[in-house]
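Please keep the sequence and the structure in view while reading.

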Amino acid sequence: MGTNPEKRPEITSASFCDWRQLGHRYYSLGFYLNRIFGGKTWKVSVDGGFHCPNADGAISRSGCLFCNIASFSPSRRWSGLTIREQILRAAAKLRERRGIHRFIAYFQPGTNTYGPPDHLERLYREALSVPGVVGLAIGTRPDCLSDDVLDFLATISHETWLTVEIGVQSCHNDTLRRINRGHSWEDAVNAIQRCATRGLRVSVHLMFGLPGETYHHMLETAGKIAELPVHGVKLHNLYVARDTGLAKLYEAGQYQPLSQEAYVSIVCDVLERLPPHVVIERLTAETDAGYLVAPEWCRRKGETISLIDKQLEARGTYQGCRFREGPHQPVGLSSSPNKDGNM
Ligand code: SF4
């Protein structure tokens with residue numbers, strides 16, 4: 001495939017901060033994609049059949065404490081479809097129901113850089129060849145980004161819009177060990193910086209409500225991310241999925257998810273401290289109802305986003321208004337389960 005300038009839009013300064021002038025309280029992914037592509041653009045989840053070194057024995061066989069790979073995406077239900085077929089099926093529905101004609105192919109379940117570069121290239125290029133696909137989002141772990149893979153991704157990023165989505169979750173190595181992530185915070189920093197040196201767009205995934213973490217742990221993670229060359233952030237509340245180690249802890253009474261009120265408050269505090277140019281690509285986790293054990297409020301994504309909007313409005317604050325400030329007293333965390341702030 002040759003260079004296609006239509007697929008690699010120029011990102012101008014106007015794309016970054018006019019969200020505030022237009023009255024938004026944070027820089028949403030929808031706003032960003034609209035500006036970049038000149039109209040509504042939707043992410044379509046694609047299952048490339050990738051496994052994960054933290055679940056196949058290369059690092060561990062048990063996976064992350066919260067992981068039930070089958071719960072990642074409805075696209076798991078389409079097992080057996082080619083990449084092209086998966087995208088065409090999702091795109092047809094989006095065209096019909098929402099009038100959307102531009103799509104980002106989001107390689108989501110598993111670790112989507114876990115394989116030889118020629119295999120990755122075949123799958124990514126198959127996605128890019130589907131009419132309407134204007135970019136790629138590649139979900140992966142910090143320790144699955146070899147120099148060969150990054151060089152190859154950098155080459156593709158000259159042809160199309162591309163984001164590397166890196167699961168970071170926390171800056172605290174004690175937490176990462178507790179949830180069996182199989183990588184460290186230093187691995188995450190290293191991966192982000194090596195992406196940056198190649199000009200790759202990076203989005204990081206953070207989780208709030210991880211076992212043993214307090215409000216201050218979460219804010220510290222956000223503060224450290226704010227200092228790194230990161231372009232986007234996905235914020236997730238940790239939920240308990242069926243058939244996971246976390247579900248066992250929950251059933252034994254050893255883990256309690258965040259309340260919706262606490263999560264909303266933390267997200268607002270984090271948004272206030274993230275730089276204004278960072279795109280907020282997700283505000284809350286979602287999963288198939290069939291996999292969800294708790295919390296029940298996790299099913300009401302729209303309600304949670306609305307509560308975040310309302311709380312920012314009530315505070316009179318917005319993304320970046322406290323950028324470079326340290327932690328302050330949490331708001332609305334009176335439901336914290338113990339006096340140490342562990343949740
Ligand atoms: S790195 Fe991702 S796919 Fe692998 S075990 Fe953890 S959550 Fe699951």
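## Overall fold

Among contacts in the chain between residues at least 6 apart in sequence, 84% join residues at least 24 apart. The model is predicted, and its chain has eleven helices and nine strands. Of the 343 residues of the chain, 44% count as buried.

| Helix | Residues | Number of residues | Span, first to last C-alpha | Expected span |
|---|---|---|---|---|
| α3 | 83-98 | 16 residues | 22 Å | 22 Å |
| α7 | 185-197 | 13 residues | 19 Å | 18 Å |

The buried residues in α3 are I83, Q86, I87, A90 and A91. They cover an arc of only 120 degrees around the axis, which puts them on the same side of α3. After α3 comes G99, a residue whose phi is positive, near 65 degrees.

In α7, the residues that count as buried are D187, A188, A191, I192 and C195. Viewed down the axis of α7, these buried residues fall within an arc of 130 degrees, so they line one face of the helix. E186, Q193 and T197 are exposed on the other side of α7. The cover over the buried residues of α7 includes helix α5 (147-157) together with the strands β4 (161-169) and β5 (201-208). Just after α7, G199 takes a positive phi of about 75 degrees.

## Strands covered on both faces

Strand β4, which forms part of the cover over α7, is itself mostly covered, with nine of its nine residues buried. Which residues of β4 lie on each of its two faces? On one side are W161, T163, E165, G167 and Q169, on the other are L162, V164, I166 and V168, and all of them are buried. This follows the general rule that in a regular strand the side chains alternate between the two faces of the sheet. β4 pairs with β3 in the parallel sense over six bridges, and within this pairing V164 of β4 is the bridge partner of I138.

Strand β6 (residues 232-237) is likewise mostly covered, since six of its six residues are buried under the criterion of 20 or more other C-beta atoms within 10 Å. G232, K234 and H236 point one way from β6, while V233, L235 and N237 point the other way, and all are buried. The strands β5 and β6 run parallel and are joined by six bridges, with V204 standing opposite V233 in β6.

## The surroundings of the ligand

Eleven residues lie around the ligand, and of these C52, N54, G63, C64 and C67 come nearest.

N173 is placed in helix α6 (residues 173-178). Is N173 buried, exposed or partly exposed? N173 has 14 C-beta neighbours inside 10 Å and therefore counts as partly exposed. N173 and H183 are ten residues apart in sequence, and their C-alpha atoms are 8.5 Å apart in space.

S28 is found in the loop between α1 (14-21) and α2 (29-37). With 18 C-beta neighbours inside 10 Å, S28 also counts as partly exposed. Although S28 and I280 are 252 residues apart along the chain, their C-alpha atoms are separated by 4.9 Å.

Technical notes. Residues numbered from 1 in each chain as written. Predicted model: local features only at pLDDT ≥ 70, side-chain atom pairs only at ≥ 80, totals over all residues. Helix = DSSP H or I, 4+ residues; strand = E, 2+ residues; numbered from the N terminus. Buried ≥ 20, exposed ≤ 12 C-beta atoms within 10 Å, placed from the backbone. Near = placed C-beta within 6 Å. Expected span 1.5 Å × (residues − 1). Arc of directions from axis to C-beta. Contact = placed C-beta atoms within 7 Å. Pairing = 2+ DSSP bridges.
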